[in-house]
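Walk through this structure with the sequence beside you. We begin at a strand pairing and end with the charged side chains.

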Amino acid sequence: ALMATGVAVVRVIEELTGKTLSKIVSHAAGHSLGEYTSLVSAGSLTIYEAARLLKIRGMAMQNAVPVGQGSMAAILGASIEDIEHFIALVDSSNGIVEIANDNAPGQVVVSGNVEALKILIQLAKDSGIRKIIPLSVSAPFHCKLMNKATEIMRKEIEITEFKKPNNSIVSNVTSIETRDPLQIKE
């Protein structure tokens with residue numbers, strides 16, 4: 001739904017301006033699922049191919065960790081270094097917790113097993129950090145707990161044809177711009 005809505009917005013902009021996306025912008029980018037919107041909008045994937053991949057991705061990610069065993073939280077007012085310090089203090093017998101997103105200076109999202117996440121949140125509170133937002137998500141995205149889903153997606157992406165996009169894609173993994181279908185796949 002997010003991808004389809006994003007593509008619909010792009011198509012409305014194209015219709016209203018009478019210009020294709022590549023005449024309006026030089027680059028397309030999107031974080032996580034949003035990268036699929038940029039790939040469709042730039043002509044690298046068809047909407048059908050993106051929807052197929054996203055269905056597989058969603059199922060694979062949901063099945064990677066049993067419901068209720070993983071979660072995520074946004075921590076505001078802490079640096080990456082602060083979060084790395086808290087992570088180092090979490091006993092691995094409680095599971096894993098990792099940095100999932102570095103959204104902006106002072107805004108870091110963490111992801112992992114529920115128990116490990118609770119410990120990290122308590123460490124953050126004990127250090128004086130007061131703005132911690134548990135995220136309403138169905139799984140602990142963007143962490144090692146998604147490795148099973150990564151392998152499934154690697155196979156699906158390998159058999160999917162990516163075309164050269166009409167404008168550069170900025171990878172949400174490398175932050176490097178490219179129009180090379182093989183680099184986009186990787």
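**From the sheet to the salt bridges**

A28 has I169 in β6 as its bridge partner. This is a predicted model. The strands around that bridge are β1 and β6 (residues 168–170), which pair in the parallel sense over three bridges.

Step back to the sheet. It is open and has three strands, in the order β1-β6-β7, with mixed pairing. At its edges are β1 (27–29) and β7 (177–178), each pairing on one side only.

Helix α3 lies across β1 and β6. Its direction is about 175° to that of β6. Within α3 (residues 34–41) sits T37. Is T37 buried or exposed? Its relative accessibility is 13%, under the 20% cut-off, so T37 counts as buried. Which residues does T37 touch, leaving aside those up to four places away in sequence? They are L2, M3, G6 and V7.

Turn to helix α1, which spans residues 2–17. Two of its residues, R11 and E14, join their side chains in a salt bridge, at 3.3 Å from N to O. They are three residues apart, about one turn of the helix. The two partners fall into separate accessibility classes. R11 is partly exposed at 36% relative accessibility. E14 counts as buried at 16%, because the limit for buried is under 20%.

How many salt bridges does a search of the whole structure find? It finds five. The R11–E14 pair is one of the salt bridges. Consider two others.

The side chains of E156 and R52 meet at 2.7 Å, N to O, in a salt bridge. What does this pair tie together? E156 belongs to helix α7 (residues 147–158) and R52 to helix α4 (residues 47–64), so the bridge links parts 104 residues apart in sequence. R52 is partly exposed, with a relative accessible area of 25%.

Stay in α7 for the next pair. E151 forms a salt bridge with R154, and their closest N and O atoms are 3.6 Å apart. Here the spacing is local: because E151 and R154 are three residues apart in helix α7, about one helical turn separates them. E151 is partly exposed at 41% relative accessibility. R154 is also partly exposed, with a relative accessible area of 47%. Both values lie between the 20% and 50% cut-offs, so neither residue counts as buried or exposed.

Methods: Residues numbered from 1 in each chain as written. Predicted model: local features only at pLDDT ≥ 70, side-chain atom pairs only at ≥ 80, totals over all residues. Heavy atoms only, no water. Salt bridge = Lys/Arg side-chain N within 4 Å of Asp/Glu carboxyl O. Helix = DSSP H or I, 4+ residues; strand = E, 2+ residues; numbered from the N terminus. Buried < 20%, exposed > 50% of the residue type's maximum accessible area, 1.4 Å probe, protein only. Contact = heavy atoms within 4.5 Å. Pairing = 2+ DSSP bridges. Axes fitted to C-alpha atoms, helices over the stretch in contact; angles between N-to-C directions.
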